[in-house]
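Visitor: Could you take me on a close look at the enclosed spaces in this structure, and then at the charged side chains?

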Amino acid sequence: MAELRCRKTAVKEGEEEGEEEHQQCESEPRSENFTMDKVSLKKCSEDTDGATCGAQEKEKEDEEEEEKKEEDEKEEADSQKPSPVKRTRSACRSVMLQSLVKLFFGCLAAVTCGMMYAVYLYTYHERKFWFSSRQELEREITFQGGSGLYYYYYKHMLTAPSFERGIYELMRDNRTVSGQTINAVERLSLYPELVTSLLYRVTGSQDVIEPVYFYIGVVFGLQAVYVTALFVSSWVMSGTCVAGILAVAWYVINRPDTSKVDYAIPLRDNWALPYFSCQVAALTGFLSNNVNSATEMFCYLLMSATTFTFILVWDHSHYVLFIQGLALFLLDSFDLVPPRKMADIHKVYLSSLFLAYILQFQNPALLSSPLLSLLISTVLARYFQQNMKMGPLVARLMKVFLHFYLCFTTGITYSYVAKRLMPVSESDFILRFLEVKFGLNTTTDFVTNRLLCQECFQTPSQDFFLRLTQASVLPFYLLVLLICLISTLQTIYRRLSGEPMKTNLRLEDGRIGEQPEVIYHVFHTMLFGALAMVFEGMKYLWTPYVCMFTAFGVCSPELWVTLFRWLRLKSIHPVVLALILSTAVPTIIGFSLWREYFPRVIAELSELQEFYDPDTVELMNWIKTHAPMAAVFAGSPQLLGSVKLCSGWTVTSLPLYSDIDLLRRSEDTYQVYAMRSAEEVYKILSLHKTSYVIIEESLCNELSPTKGCRIKDLLDIANSHVVYDKGEMYSFSKHGRFCHEIKMNYSPYTNYFSRVFWNRSYHVYKVNSVISFQY
């Protein structure tokens, strides 16, 4: 009976330790009382009469029944109380429910921000260009900066008899560049146009939407993905979706410095950077210590897909990933991220490079890229330094410096060998360009000086920093960066001293610099920021992440606790004050941005702007109606991009700054603005089989605010038609400037060229196939 009662009580308790204790404290007293009852009954039967013994036995039975009732009541009360296991399960369910609710509303806010931004872009584009009320030719001219060339291939894919036939024609294109048969898919990175045209065919959109609207809709949709990824990155690091909303607001306000989609929709940047933003968001989640294995695997797969797509879409992507690889290299060198994760990231890079190398028709630039050099040097240096992350502080510092040296020398050696085995025409030119850019050398080369005069390769202006300051981004960015950088340096010192990193950080710890994803973004923004201080074009890679990083900082309680721990506040608890500021500061910033910039955005969308270029429209109509099908046109690369888009005629050059051969061909066609004779220009144009040459008044009479950056000045320097006197530069040649002299209609210019079209902006001359000498 005692044993049964013990088992019953043990089952009710539900824990092993409780079972043993309950059995010991329950069964032993019962057995002792039962033995004592037997002895007392025996003595009673010997010493007293039966009546007395019967009374005592009855009293004992009554006592046992009362005890049994009390125990039953106690067991029922215990059974009604929740066990520790049940309490833990209910707590887990409530936490999980809260997490799911936060995740749902956070994702909803991210998607809403992205969709609103896409609608905003579409509305602004419509208001700026009156897009829906224009004819097809006028719509195509709105693709500025030579970007319309990409849209031409999208149109070509739609007009081809089949998708396969269209790809075949692009891979053997002899109607784009005169005298050349090129693989347009490889040379121009046309995978976005191929995929978009395939989607347009497969989805049956021919009867629903016009091709141009489908094209720009896909681009605007990618921009929505862009801002959504920025939202997610800031949200993951700060833990609140308020940071994501603030990041998107800053991104939209600083749109002239974050995106080129306003004026050049088909540019490769607008297709590629959304994938890079998704890759950064996935990398942020992958580096975080606060994610489970399933989330980590999802981030890894997303990072793999976006890295491969980013390399495939943009020919400059491996340079961007090289800068990102340097940030990750620093994390690994100072032992700030688990080696397992770094190995997985290296696998992503290598597999993406390999697949892109195959799909880009064995592009040699990928095999000699700095990204691959960095990966190979890191692996080899790690192989020779097995115990790099062991030892005292001084020894580890020496090992880190040795690691840097090995990686640098190995990477340089591999890059040198790769360029000798697989010659890349751009490699030597890039080195010469950088030498001139940083003042290590001078040159009279037209192409180099022309690129240095491009806005994207110049240092940023003061207006850029003024705009960031007025939007309150720059001051808060410097504050957030300073706090995170100091905390990161403290973490590096602790790691080199042998102290392990804490994976389960608490809010009151005040160590924002021990989160791997935060450390990565500190290195990321510093490296890209350093490049943005030298090349203004890099601001499109830096400014979006400035907005995201700043929004994370002002909304993160961990950052404020870190600051208050350093200040050693005593009047108020740091955690309480940090929670207050992480809510109050973004609220104040949000209200100030709403008050100042929201009326501007509304006015921007309500104002009807006018974009009308009648001279260009007239020129394109003349080319389509009067020029023969076999005609070849020469002119500036930007104008030739529009000629190719609107007419489909063959041109002598294309607006590509990454192709040295095309840049040299552009230099030849620019000679119409130099001080050369009619015979010299005729020979140059005939070399490229030119039928018509277009002279632009804006280039012939150019007034550039930047000294020495006019086309005719650069040509005079390259052709040695310059005389320096007392620090001043003068152009001198025995021939007049060709673009001026040919308008005079006198010999020998009329012998070689015949004017066939002109208006206020353009003069078109036919290159005579038979020279007629008139005097």
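Predicted model: local features only at pLDDT ≥ 70, side-chain atom pairs only at ≥ 80, totals over all residues.

Guide: The largest cavity holds about 120 Å³ of space. Its lining is made up of Phe 446, Val 447, Arg 450, Pro 637, Gln 638, Leu 654, Pro 655, Leu 656, Tyr 657, Leu 663, Ser 666 and Tyr 670. Helix 20 (446–453), helix 28 (637–647) and helix 29 (660–669) are the elements that give two or more residues to this lining, and the largest share, three residues, comes from helix 20. Sorted by class, the residues around the largest cavity are nine nonpolar, two polar and one charged.

Let's move on to the second largest cavity, with a volume of about 80 Å³. Here the elements that contribute two or more lining residues are helix 14 (317–333), helix 15 (339–359) and helix 17 (370–384). Among the residues of this lining are Gly 325, Phe 329, Asp 332, His 346, Tyr 349 and Thr 378. The class count for the second largest cavity is eight nonpolar, three polar and one charged.

Next come the open spaces. The second largest pocket has a volume of about 1300 Å³ and a lining of 38 residues. Leu 103, Trp 235, Val 236, Val 291 and Thr 295 are the lining residues that lie nearest the centre of this pocket. At least two lining residues each come from helix 4 (84–129), helix 10 (211–238), helix 12 (268–287), helix 13 (293–313) and helix 23. Helix 10 gives the most, with eight residues. By class, the lining of this pocket divides into 20 nonpolar, 12 polar and six charged residues.

Glu 517 is buried yet takes part in no salt bridge. The nearest side chain of opposite charge is that of Lys 341, 7.4 Å away, whereas a salt bridge needs the nitrogen and oxygen within 4 Å. Leaving aside neighbours within four places in sequence, Glu 517 is in contact with Met 237, Thr 284, Leu 287, Ser 288 and Asn 289.

Elsewhere, charges do find partners: the structure holds 31 salt bridges. Side chains of opposite charge can pair when their charged atoms come close. One of the pairs is Asp 335 with Arg 495, whose closest N and O atoms are 2.3 Å apart. This pair links distant parts of the chain, with Asp 335 in the loop between helix 14 and helix 15 and Arg 495 in helix 22 (residues 473–496), 160 residues apart. Asp 335 counts as buried because its relative accessibility is 12%, under the 20% cut-off. Arg 495 is buried too, with a relative accessible area of 11%.

Arg 494 has a salt bridge of its own, meeting Glu 514 at 3.1 Å, N to O. Arg 494 lies in helix 22 and Glu 514 in the loop between helix 22 and helix 23, so this pair ties together parts that are 20 residues apart in sequence. Both Arg 494 and Glu 514 are buried. There is also a network in which salt bridges with shared partners join Asp 257, Arg 467, Glu 536 and Lys 539.

To finish, have a look at Arg 134 and Glu 138, which form a salt bridge with their closest N and O atoms 3.9 Å apart. Arg 134 is buried, as is Glu 138.

Key. Residues numbered from 1 in each chain as written. Heavy atoms only, no water. 1 Å grid on protein atoms, 1.4 Å probe; cavity = no way out; pocket = protein on both sides within 12 Å on 5 of 7 lines; lining within 4 Å. Points joined across faces, edges and corners; volume = space filled by probe spheres on them. Helix = DSSP H or I, 4+ residues; strand = E, 2+ residues; numbered from the N terminus. Nonpolar A, V, L, I, M, F, W, Y, C, P; charged D, E, K, R; others polar. Buried < 20%, exposed > 50% of the residue type's maximum accessible area, 1.4 Å probe, protein only. Lys, Arg positive; Asp, Glu negative; His and termini not counted. Contact = heavy atoms within 4.5 Å.
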